[in-house]
Amino acid sequence: MKKLLLSSIIIIIGITFLGRLSYLQIFNFSPDLLDDPSIKLVYDYPERGYIYDRNGKLLVANDPAYDVMVIPREVRSLDTLEFCKLLNIDKEKFNKELNRARVYSPRLPSVVVPQLSKEDYARLQEKMRHYPGFFIQKRSLRYYDTKSAANVLGYISEVNERDMAKNPHYIQGELTGRIGVEKVYDHILRGRKGKKHIQKDRFNRDIGPYKDGILDSLPEQGKEIHITIDKLLQEYGERLMHGKRGGIVAIEPSTGEILSMISGPTYEPSLLVGRERSRNYSKLHYDSISKPLFDRSISFEKAPGSPFKTLNALVALQEGVISPSTTVGCSNGFYIGRSKKGCHCGGGKRNMNSGIYKSCNAYFVSVYRKIYEAFPSSSEGHQAWAKHMKSFGLGQYLGSDLHTGRKGRIPTKAMYDKWYPNNSWTATTLYSNAIGQGEVAATPLQLANMTAAIANRGHFYTPHVLKKVNGKDIENPKFTEPRYTTINKEHFEPVIQGMADVYKKGTAQYIQIPDIEIAGKTGTVENFMKIDSVKTQLTDNSVFVAFAPVDNPKIAIAVYIENGYYGGRYAGHIASLMIEKYLKGKITRKDMEQRMLTRTLEREYAKPYSGEEFKINEYDWSQDAIEPKPETSSK
Amino acid sequence: MFGKSIYKRIDWLSIFFYLALVAIGWVSIYSSTFTTTEQSIFDFSSLHGKQLFFIGASLISILLIMALEASFFERFSSVFYVISLISLLGLFLFGRTIAGATSWYDLGFFNLQPSEPAKVATALALAKYLSDIQTDIKRRKDQLYAFLIILIPAVLIIPQPDPGSALVFFALTFVLFREGLPLYYLGIAFLALIVFVTTLKFGVVWVAIFLGIILVLLFLLKKKSFKMPIIPIIGFAILVILFSLSVNFVFNNVFQDRHRDRFSLWLRLENDPAKLEKIRKTIGYNTHQSEKAIESGQIYGKGFLEGTRTKGDFVPEQHSDYIFTTVGEEWGFIGTSIVILLFTFLLLRLVYLAERQKSNFSRMFGYGVISILLIHYFINIGMVIGVLPTIGIPLPFFSYGGSNMFGFTALLFIFLKLDTNRLKEGI
């Protein structure tokens, strides 16, 4: 037994080893090519898809760019000074980059100078052979055929480690969309990269395709897309927005297609391309006052103001608590308990029509109260009211194909129960909601969508920006099927009549556009800010929603201008001009256009930061002149 | 002395295995240290050139061993042992540090690693002690002395630090078992190892469950007449569970991360891919790379000098501890299985030779030689193919290095010399 012990151990070990080795070498071999240093995988990047506007006008294309690359261990002694001069960078930076490349890997290529211009490239190309270890790699950069729509288009940048972890498709150095269309439709635009496996010999020389290329794949071009944006309208809107802060959203009511989406202030999309990208980005990112990277058209949620009255009118009609002819007396104001609240409508007897076109607060507070009082308790009344409001897409994400945005707010019962415990709240407590001033909040996109729903007399399509992929119209039912509001169709006519009269004889009568019948609603929203922890009133926000033509709406628009004073001033002007631009293609009210292009609100925006006392709601705007933004000429 | 007779008496089969292994070893070293620049295989500035020199010198030392009286080794074994201990002690004063371990004497042309000759000397000394007419391995006192002979050099080597080489000495306990040390010592050690591994792999609860299952099976399968010794079995079960708990405690509280990582790599404890990736890049890098390289050799290998991973220096220490990787990549399963078979046949042949010795000293020394070769071969290849944790010891006759080449050659040929003398001793 003892004599056999050692022999059996020797045999058992031998069998174990042979078993393990046969497992490793015969059964387990998984051809993980990348793991084999003798097979190099090379990617062939496809061109990123172009982006066109709704009319086929080019917005984004590609431009070749050239990176200077280095393989550190192949670098021989070189005339650094001369080379730096060629590359147009200083010696210190060059040495720093070279060192970084060496630390990263002596054998693998690294970028020394990214994204040379075509001119620099031409100059460098013929001298390159004097600098072993360096070579030039061609890449494709985004080229923007417009100075507008940065917030819609978004930008692309290199993937980071997080992207790569999330999506194994990406590899180091690849580009991906960051915001906007570039991000949302990255999977369409980027195409599919091709792969080539290259066999190396032991001197690390390429000796041809591995296994005659049976594992290789060709790159697949990125698809081109058409977006719903109207390039000319977008550019025009940004010119009008010049010097102002706020958002504009225009929607085609019959499809839900977003015609333009303007956020002011904005930036030129080409700033975030090329060598200066990160410097420019920091500049934009750290502008914490005007926040150019903040997309006000979809992320700026504020009290909607008087345009919200139209919805209250619709809810009251739907619930049957009033008829269009029901009248309310306005005594230049109304009473909440014993305190009198003001109204700017001029006083007198108001029915629905005049209540809307004169924007009578007293009328709508009364209507709002009637909605609630039709129910056994105010909380039931509130819930019914909130349900109607939400059916217009308020207080929730609309489900558009935009990458970001806010959902606005329709206050909930729970919120009021918390604020006013023991059921102590009634419609009177919440009267501000009647005039769009209370707890309700909406983004310009939501206001535009709400207007589109009114224009369609009771339904809307989820707003979206994608129109065509490779020339084929989208068929996503999410965007092509209507969403109905809870208001019956017949209740819209009286409200729309009131909105049309806003232009004919109401708060927007001075900004009429010849030959176009527009329905609109002004809003003048009180506006507060904490300055040194003191709640201070600022100049009112100027709001306007409109659609036109009244009978066959082609455009619904919402304009929200921060501190623009009354609704008919900045917002009303801009909305009217946009409508005219879109429907006629040219501007007949040159006086109005001139007024908007040459006015700025910078003085208004500086007030809260001046540290001094300031006046609000100044009627005189003659000091606020600005050099108009030049018209961009598109190719 | 060197007459015709020794050619007839020497075991040519062992010599054939030895030469085959040395030759394959050198070819592997040549391949893994090969550079593209033209050089002669006799270029002594290259590692394969130096190894060729060491092999030549070893062959000469074989002649020397053969020329000596067989009884010389037995007679002077105590002297060798004492000299070895002194040389190990001397390292604390004059040692040269390479790669963090003070294991060498700098002799100018050559770095001597005294732990290699110490293996030979200890094997001789142990055989000498055990074969003494006064010694009885059944006696506790003699067991203790025998253990001390093994333990002292090991203790001197551990602080160099070179735990791998120290471990080798414990293989000499095989000699004791062969000579009559009760086998339950081995049984206990084996059981402890199984509990250790099971605890780490499955946890204490599963150890208890496995134990329960085994006891129940025992109970069901026993003969009716056999009465179960209830109390000892319960005591045994409690001991096993206590041991399992203490393993858990030591692993989690006494071990450092680097130790834990080695075990978790060995026993595949880590399932989190991110952490696994990290282990593969740090502590498990060698094992991962060597496994991959061996894997990539498949059945037939990539061919001599065509191992891309060998060429790319992907496996560190490939000419020394990881030399087997080169065989795996360039010669494939054919090559690796030939090497395994050569080792197996050599060891079995040596067992056969040891068992036919009439002299107790020769037999015991033979067992010592087998134990030392076996443990090197077992740990080294086990580590390279990923069935054992990383313990850096050389592969006999293969790995680059003069000291171990001399050491293993001396071990083998002293025994072969003793074997040539077996008939004379027997008279």
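Predicted model: local features only at pLDDT ≥ 70, side-chain atom pairs only at ≥ 80, totals over all residues.
At what angle do the axes of helix α18 and helix α19 of chain B cross, and within what distance do they come?

1. Helix α18 of chain B covers residues 360-384 and helix α19 of chain B covers residues 402-420. Their axes cross at roughly 155° and come within 10 Å. Angles over 145 degrees count as roughly antiparallel, and α18(B) and α19(B) are therefore roughly antiparallel to each other. The crossing of the two helices is left-handed.

2. On the α18(B) side, the contact is made by B:Ser362, B:Phe365, B:Gly366, B:Val369, B:Ile372 and B:Leu373. On the α19(B) side, B:Phe408, B:Leu411, B:Leu412, B:Phe415, B:Leu418 and B:Asp419 take part. Of the residues in this contact, nine are nonpolar, two are polar and one is charged.

3. Helix α6 of chain B, residues 115-131, has 17 residues. From its first C-alpha to its last it reaches 24 Å, close to the 24 Å expected at 1.5 Å a residue. Because 16 of its 17 residues are buried, α6(B) is largely enclosed by the rest of the structure.

4. In chain A, Tyr45 deserves a separate note. A:Tyr45 sits in the loop between β1 (39-44) and β2 (51-52) of chain A. A:Tyr45 counts as partly exposed because it has 18 C-beta neighbours inside 10 Å.

5. Leaving aside residues up to four places away in sequence, A:Tyr45 touches A:Lys193 and A:Pro219. A:Tyr45 and A:Glu174 are 129 residues apart in sequence, while their C-alpha atoms are 8.8 Å apart in space.

Methods:
Residues numbered from 1 in each chain as written. Chains lettered and ligands numbered in written order. Helix = DSSP H or I, 4+ residues; strand = E, 2+ residues; numbered from the N terminus. Expected span 1.5 Å × (residues − 1). Buried ≥ 20, exposed ≤ 12 C-beta atoms within 10 Å, placed from the backbone. Axes fitted to C-alpha atoms, helices over the stretch in contact; angles between N-to-C directions. Parallel < 35°, antiparallel > 145°, perpendicular 65-115°, else oblique. Left-handed = near helix turned anticlockwise from the far one by under 90°. Contact = placed C-beta atoms within 7 Å. Nonpolar A, V, L, I, M, F, W, Y, C, P; charged D, E, K, R; others polar.
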